[in-house]
Amino acid sequence: TSLESGADARALTALTRRWHPVAYSGEINQQPFGTTLLGEPVVVWRDETGRPHAMRDLCIHRGTALSLGRVASNEIICAYHGWRYTADGKCSRIPQLTDSSQIPPKARVDAYHCQERYGLVWVALLSLSEQPERSLAQVPELEAGEWTVVKTGPFSWQTNASRQVENFTDFGHFPWVHPGLLGDPERPEVPPHNVRTEGDVLHYEVLRPEAPNSKEFPVFSNAEQKQPQRRSRYELHLPYTIVLRLGWGGREGMVYFFVSQPVKEHQCRGYCIIGRNYNFEQPASVLQEFERVIFSQDQRIAESQRPDKVPFDLAAELHLKFDAVAVAYRRAMKANGLG
């Protein structure tokens, strides 16, 4: 309906005012990197100092993808006719013109806000004259130098980013989708938990049953427990960021930093960065393979969900008491104009 399309348009506008990841830092090198964010083609590139920049992946001349071009002297050069653009999107040279003063003022592309943090490159689809809403979530463990940090994924799913995020927060599926890895089918109960919503951040904590470490993936610090329990403390930062801190009663702990890139309405790309203060000698490949298995198990389920975008009308799906996080997430997204 026109009312629904109007709400979608307002939500899309609100989403453009937030920071979103577009790549791991290592994916951005001397070659321009093309991606899509909220349905818009984006090119990310580094200048000679290594600083990343982002702009619309479209040359104003003939609509060629700038990501097909190259970078030289802190400018991005279109592969089709050699037009050059500075980091603010202005065309600085048209080789076909002998007089650069003849470059028309309209010869420019949209340049976006771009920053690098936590090993990710982030973009807000706003002109440089506007300021993004909210700052990134604070995860000091990933920057302190005292924790081992492992990047996993990225995980590309054919579903909306809201489904990928909500799956990450769902407690009830662990024994059934991840038996022997994250959950114990003999202990399927979801313990009581409450969600506290503060603006656009959801806070909640749960002490829940966990499967013992598997021989293939000894990644958790629960070896001393016969029936392991994990205390999980969550911060869900709207729209698509989760900070999860795990503990088993001792000093050893993990922090999961998960964020989903809303590529298109029916496509997302998840980044999962994990810090831990133990198992320093364990190769990163163990945790990377563990998460590849976990996310592939989740992907099969999430891509089957209909609709593939979380319905923010609470009457659209059935909710029980253990779905408290999903209910709070849907309410908060709607209240903040993001859903």
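Cys268, at 1% relative accessibility, counts as buried (buried denotes under 20% relative accessible area, exposed over 50%, and partly exposed in between, with a 1.4 Å probe and protein chains only). The structure is a predicted model, in which local features require pLDDT of at least 70 and side-chain atom pairs count only at pLDDT 80 or more, whereas totals for chains, interfaces and linings use all residues. Residues are numbered from 1 along each chain as its sequence is written, and side-chain values use heavy atoms, with hydrogens and water left out.

The structure holds zero disulfides (a disulfide being a pair of cysteine sulfur atoms within 2.5 Å). For Cys268, the closest cysteine sulfur is that of Cys272, at 13 Å, which is too far for a bond. Cys114 is likewise buried, with a relative accessible area of 17%; its sulfur lies 20 Å from the closest cysteine sulfur, in Cys59, again too far for a bond.

Secondary structure was assigned from DSSP runs, numbered from the N terminus, with helices (H or I) of at least four residues and strands (E) of at least two. Four strands form an open sheet in the order 5-6-7-8, with antiparallel pairing (two strands pair if DSSP finds at least two bridges between them). Strand 5 (70–72) and strand 8 (91–93) are the edge strands, each pairing on one side only. Strand 7 (residues 84–85) runs antiparallel to strand 8 and is joined to strand 8 by two bridges; Tyr85 has Cys91 of strand 8 as its bridge partner.

Aromatic pairs number 16, where rings of Phe, Tyr and Trp (its six-membered ring) pair if their centres lie within 6.5 Å, planes under 30 degrees apart being stacked, over 60 edge-to-face and the rest tilted. The pair of Phe171 and Tyr234 is edge-to-face, because the ring centres are 5.5 Å apart and the planes stand at 70°. Phe171 lies in the loop between helix 2 (161–169) and helix 3 (174–177) and Tyr234 in strand 14 (residues 229–237), so the pair ties together parts that are 63 residues apart in sequence. Both residues are buried, Phe171 with a relative accessible area of 5%. Beyond four places in sequence, Phe171 touches Val190, His193, Tyr204, Val206, Arg208, Tyr234 and Val325 (contact meaning heavy atoms within 4.5 Å). Elsewhere, ring pairs link Phe155, Trp157, Phe168, Tyr256, Phe258 and Phe295 into a cluster.

Helix 2 has nine of its nine residues buried, and is therefore largely enclosed by the rest of the structure. Among these buried residues are Arg163 and Phe168.

The count of salt bridges is 21, each being a side-chain nitrogen of Lys or Arg within 4 Å of a carboxyl oxygen of Asp or Glu. Glu317 forms a salt bridge with Arg163, with the closest N and O atoms 3.0 Å apart. That pair links Glu317, in the loop between helix 4 and helix 5, to Arg163 in helix 2, 154 residues apart. Glu317 is partly exposed, with a relative accessible area of 26%, whereas Arg163 is buried at 3%. Salt bridges that share partners join Arg17, Arg18, Glu130, Glu133, Arg134 and Asp200 into one network.
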